[in-house]
Amino acid sequence: MISAKQLALIFSKHGGVMTTVQLHDAKLYYADIQTLMQNGMIERIKRGYYRLVNETDYSEASMIHQLFPEALLCMDTALFYHKYSDRTLAAWHIAVDKNARKTRYNLDYPAIKPYYWEEKLLHIGQSISVIDDCRTNNLRMICFKLERILLMCKETIMLDILQ
């Protein structure tokens, strides 16, 4: 059986989230994964994705980046990370290809609000944003530029101004 330190080291090499294939590459197979889950050392995030239980070194941002590397931060989430909003995020708003499987974004945690866009529209007005998070060593995620975010959020912003 693998020790907790060894397991933490393996997971740290993969940003705190590992796929079944990555676990197999680390010589942890189905029976090992099941034993680790029963012992409460790892938990299944969704089919084929696992993370360490009670691991505080990795943020939700890191998990979102690992689960959905192609997704773009949009709407309230992008405003928050551009420092134009101080609201606590109820869900991660991400823009994804409209042809992506819808079930891929059904998660209990973290809460995801996907917006399905045509692929050619996804790449207009995007930039790489550095999220200042000491736990993830300045994670780089794809985000929309401020101008595009403001256009997408104009109705929400107008409601905030009126209230």
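Here are legends for a handful of close-up views of this predicted model.

Before you zoom in, note that residues are numbered from 1 along each chain as its sequence is written, and that side-chain values use heavy atoms, with hydrogens and water left out. Since this is a predicted model, local features need pLDDT of at least 70 and side-chain atom pairs count only at pLDDT 80 or more, while totals for chains, interfaces and linings use all residues.

**View 1. How confident is the predictor, and where?**
pLDDT is the predictor's confidence in each residue, on a scale from 0 to 100. The protein averages 81, with 86% of its residues at 70 or more. Helices (H or I, at least four residues) and strands (E, at least two) are DSSP runs, numbered from the N terminus.

**View 2. Two salt bridges.**
Side chains of opposite charge can pair when their charged atoms come close. For a salt bridge, a side-chain nitrogen of Lys or Arg has to be within 4 Å of a carboxyl oxygen of Asp or Glu, and that rule gives two of them here. In one, E70 joins R104, with the closest N and O atoms 2.7 Å apart. E70 sits in the loop between α4 (60-67) and β4 (72-73) and R104 in the loop between β5 (92-97) and β6 (112-117), so this pair ties together parts that are 34 residues apart in sequence. The other joins E43 and R51, whose closest N and O atoms are 2.6 Å apart. Here "buried" means under 20% relative accessible area, "exposed" over 50%, and "partly exposed" in between (1.4 Å probe, protein chains only). At 17%, R51 is buried, while E43 is partly exposed at 31%.

**View 3. Strand β5 and its neighbours.**
Two strands pair if DSSP finds at least two bridges between them. β5 pairs with β4 in the antiparallel sense over two bridges, and L73 has I94 of β5 as its bridge partner. With β6, β5 pairs in the parallel sense over six bridges; look for H93 opposite K113 in β6. Five of the six residues of β5 are buried, so the strand is largely enclosed by the rest of the structure.

**View 4. Rings next to rings.**
Rings of Phe, Tyr and Trp (its six-membered ring) pair if their centres lie within 6.5 Å; planes under 30 degrees apart are stacked, over 60 edge-to-face, and the rest tilted. That makes four aromatic pairs. The ring centres of F68 and Y105 are 4.9 Å apart and their planes are at 35 degrees, so this pair is tilted. F68 is buried at 1% relative accessibility, and Y105 is buried at 4%. For Y81 and W92, the centres are 5.8 Å apart and the planes at 20 degrees, so the pair is stacked. Y81 belongs to helix α5 (residues 75-81) and W92 to strand β5, 11 residues apart. Ring pairs also link F68, Y105 and Y116 into a cluster.

**View 5. Charges over rings.**
A charge sits over a ring if NZ of Lys or CZ of Arg is within 6 Å of the ring centre and within 35 degrees of the ring normal. K102 lies over the face of Y116, 4.3 Å from the ring centre. The charged end of K113 is over the ring of Y115, at 5.1 Å from its centre.
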